Amino acid sequence: MSLLLAAVLLSGLFQGLILIMLLLKKEINLLPNRLLASLILLFVIHLGLVAIDVNNHFLLFPHLSKLSWVLPLLYGPLIICLTESIVEIEFRFTRRHLLLLIPFFAYLFILSPYFLMRTDEKLQYLTNVGQVEQDDMGWMNQLTLFIHIAFVSAAFYIFYRKSSHLPFYYSDPGRVRLNWLKHFLIGMLGTIILSGISFYARIYQIEFLGSIYPSNFILLVIMVYWMGYRLIQDPTVFTVSELRTGTSAALVEEGETTSGMKYQKSAVSAVELDKYAQALLNLMDTKKPYLNSNLTINDLCADLFIKRHLLSQVINTIFKKNFFEFVNEYRIKEFKQQVLKESNSHLSILGIALECGFNSKATFNSAFKKAEGVTPSEYIRTL
């Protein structure tokens, strides 16, 4: 069984290395892709250490022992930074991110006496199988499980809180392709919980569940293969359309809603806002930028020569909408006009929607039903 498990772990290791190379070759969204590559590299190293452990080869490589106690403490910081780099428009590293490394350095400090031992001392310790197993089930590895749960839960909170702001910046938030990140976080949390169950089952000698450990690391292999499959299936799946270049802007503040943002401190007068609003309406009517399915708020800012936070203020306070709703209102109006034209009779409903600026069936159906109260098909049947 240990040989089979080692083979599976090593296959995940090689798959991870391939995935790392594919990610590092990407020329866009370098930071998220590099963070993801770093996370997968950590997976690879961890899987290698587990493969050595299950074959009792730490006696051949004693200085690698107990590294698997410390390195996993980097999972949480990387997962949080990866999540933030994708869902935050203007993400940058700050000093607070260093606080995420406190558990890692604390474990490194506690285990430093062991890491500084001579080879013969480590070999003497490793030959005491009973002591090694007792230490493996000790308080440090138990605490690690709860640290993992805390980090991934924090990543979930960041994901749902920040991703809800994307409609303020994208005409189609679906193009950011966040589903893979949500599924990845769910997979990580499920892996941690199952690992914790098998870990404690082994401590309390629950035979069936306890026997799963350390085979639960196969779940990490599955995660690596799943990410590889998604990347091959859709090469853009790990990218986000960045708005970090260009206009400097104030991000959406916590508590702001689609019905109107809070701009109590704004120095812009109502007359100026009305002037910008009229310029925006003229732009939408004459140039029809909404026909571009990749339209972002930065694109409109460039055409209007105004800052992004100012345009957001106009859309939210004057039109009482977010950017997503504002642009898709024009696309729906365009669709209702185009669907009546005989020249478009050869196109499907989705085909016409794509011509009007939508880039997915799901986004079109959702936006249309929210605006009109019926599905596109129901609306056409009433014509």
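Mentor: Trp180 is buried, and Phe184 is buried too. Keep in mind that this is a predicted model. Both residues belong to helix H10, which spans residues 179-203. They sit 4 residues apart, about one turn of the helix. An α-helix has 3.6 residues a turn, so residues three or four places apart point the same way. Now look at the two rings. Trp180 and Phe184 form an aromatic pair, with 6.3 Å from centre to centre. Their planes stand 45 degrees apart.

Elsewhere, rings gather into a cluster. Phe335, Phe358, Phe364, Phe368 and Tyr379 make up one aromatic cluster.

Charges also meet rings. Lys66 lies over the face of Trp69, at 4.5 Å from the ring centre. Lys275 lies over the face of Tyr276, at 5.3 Å from the ring centre.

Next, turn to helix H15, residues 308-318. This helix is mostly covered, with 8 of its 11 residues buried. The buried ones are Arg308, Leu310, Leu311, Ser312, Gln313, Val314, Ile315 and Asn316. What covers them? The cover includes helix H13 (270-286), helix H14 (297-304) and helix H16 (323-338). Finally, step just past the end of H15. There, Lys320 takes a positive phi of about 55 degrees.

Technical notes:
Residues numbered from 1 in each chain as written. Predicted model: local features only at pLDDT ≥ 70, side-chain atom pairs only at ≥ 80, totals over all residues. Heavy atoms only, no water. Phe/Tyr/Trp six-rings, centres within 6.5 Å; stacked < 30°, edge-to-face > 60°. Helix = DSSP H or I, 4+ residues; strand = E, 2+ residues; numbered from the N terminus. Buried < 20%, exposed > 50% of the residue type's maximum accessible area, 1.4 Å probe, protein only. Lys NZ or Arg CZ within 6 Å of the ring centre and 35° of its normal. Contact = heavy atoms within 4.5 Å.
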